[in-house]
Amino acid sequence: MKLSSVTNARLAGGGDRVVWGVGLFALGGFADRVGLTEALSAAVPPRGERAPVHDRGAVLVHALLMLAGGGEACTDIEHLRAQRELFGDVASDSTLYRTLTGLGEGGAAALLGAAAAVRELLWADRDRSAPLVVDVDSTLVEVRSENKAGAAPHYKGGFGFHPMVCSTADGEPLWIKQRPGNAAANDIADHLEVIDAAVATLPEPDAVGHREGDDDSVVERPLVVRIDAAGCSPRLAAALRDRNIGYAVSARSAPGVQAAIRGGLGDPDRWHNAPKRPAQRKRRGAQVTDLTDLADLSGWPGRTRLVVRREPRHPGAQRSLFPSENFRYWGFLTDQPRSAVQLDKLMRSHADIENAVCRLKDSGLTRMPFTDWHANSAWAAMCIIGLAPLGWFQNACLTGALRRAAPKRLRWQLWHLPALMCHSARRVLLRLPEQHPGAKALLAIAHPR
């Protein structure tokens, strides 16, 4: 039997009206309808005396579509220029380069502020009965050029940048701070700067009462920040308390923490079985306890609690808070008033920010294509902005597996979908293969039942 990697279909000519990128066309139309194009246009006013040939808002939205489609540099905008029938008059890579490099200092903040204005409209009808949970984490971006401003050796032995990201618990990115590669992961000032900037991008009902100096009586919705061990600092916790923000930070291995765990080992009744994620079935061997009464937390703000989880050791387990041959211990400090099991579930979900960072890196963050620091900061902001409307589009327009799909899957199944272009009654119709899962999703958006 002859092996084959494809079917026995044959290629034929005659399809001169076929276009690709119909999914990106739908995403661009969504960005126009929610006001993102106009917001970006207002954030980047023209610098010269004459109006530019290409509106800067449209240029930036085309750049977002390029990033969604897998682009990694300004030259990738040429792929959209090849589809004038769908995207109109797309700017050249030189124009996109001048747009991003011309933003200068404060350009990244202006772009993220434009996305915040759209977010306020899209979050207007959201349920605000539960606290808003946000995550903060840093990541490494490797580069292979010493000519990029800010690129430096980092703690893992590589070379590049070390940006810090803040996102909501459901994966919507709020802010990114571009940092040099040698920036410390546990820099408290950077954490506070990112958190304050992220709060400023939230809609007013979510942000009120959580700015520095706000009175706790004006808080409309509680806000909780989750950080890994890089944020384990009583000074950071006190600063968050001053902003009326709750916290949950991973504990570091310390004599006081080890003494608390050692004191809790003799009382098996204080350990409770922990549920498994995402189902609520008990996980074999995993237990949680509250060791606040055994820990010395005098340096931390009042109401701080120490919650510890233990699991049977397995090959390849990471470092533990407490030396043990049978269990791996992991804990965190928080001021939230829930049971130990509920708080353990809340803090373990902090790992979801790794998925958000992964999606950012799938959307252009792995490349810093400029030598200028401010231009690369704007590029990082564009990656954040590009991922936000993608999530809005998924929540508003898609269902099933596509609603939770990662950027790479959306590229293969939706964004690069081809269609046959037809003209009818002075309108352009894009005929899609109705049996294709991505085509079904787009048709459902165009013709809702």
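On a 1 Å grid over the protein atoms alone, a cavity is a set of points where a 1.4 Å probe fits but cannot get out, a pocket is an open set with protein on both sides within 12 Å along at least five of seven lines, and lining residues are those with an atom within 4 Å of a point. Grid points are joined across faces, edges and corners, and the volume is the space filled by probe spheres set on the points.

What I am showing is a predicted model, in which local features need pLDDT of at least 70 and side-chain atom pairs count only at pLDDT 80 or more, while totals for chains, interfaces and linings use all residues. Residues are numbered from 1 along each chain as its sequence is written, and side-chain values use heavy atoms, with hydrogens and water left out.

Searching the whole structure gives three cavities of 30 Å³ or more, and the largest cavity holds about 60 Å³ of space. Its lining consists of Leu-27, Ala-31, Leu-36, Val-61, Leu-64, Leu-65, Ala-68, Gly-386 and Pro-389. Two or more of these residues come from each of α1 (22-33), α3 (56-68) and α14, where helices (H or I, at least four residues) and strands (E, at least two) are DSSP runs numbered from the N terminus. The biggest share, four residues, is from α3. By class the lining has eight nonpolar, one polar and no charged residues, with Ala, Val, Leu, Ile, Met, Phe, Trp, Tyr, Cys and Pro counted as nonpolar, Asp, Glu, Lys and Arg as charged, and the others, Gly among them, as polar.

The helix α3 also packs against α6 (residues 93-101), at an angle of about 105° and with the axes 10 Å apart; axes are lines fitted to C-alpha atoms, for helices over the stretch in contact, and angles run from 0 to 180 degrees between N-to-C directions. Therefore α3 is roughly perpendicular to α6, a term that covers 65 to 115 degrees, with under 35 being roughly parallel, over 145 roughly antiparallel and the rest oblique. In this contact, meaning heavy atoms within 4.5 Å, Arg-56, Val-59, Leu-60, Ala-63 and Met-66 of α3 meet Thr-95, Leu-96, Thr-99 and Leu-100 of α6.

Turning to the open space, the largest pocket has a volume of about 1,300 Å³. Of the 41 residues that line this pocket, Asp-228, Ala-229, Ser-250, Gln-318 and Trp-330 lie nearest its centre.
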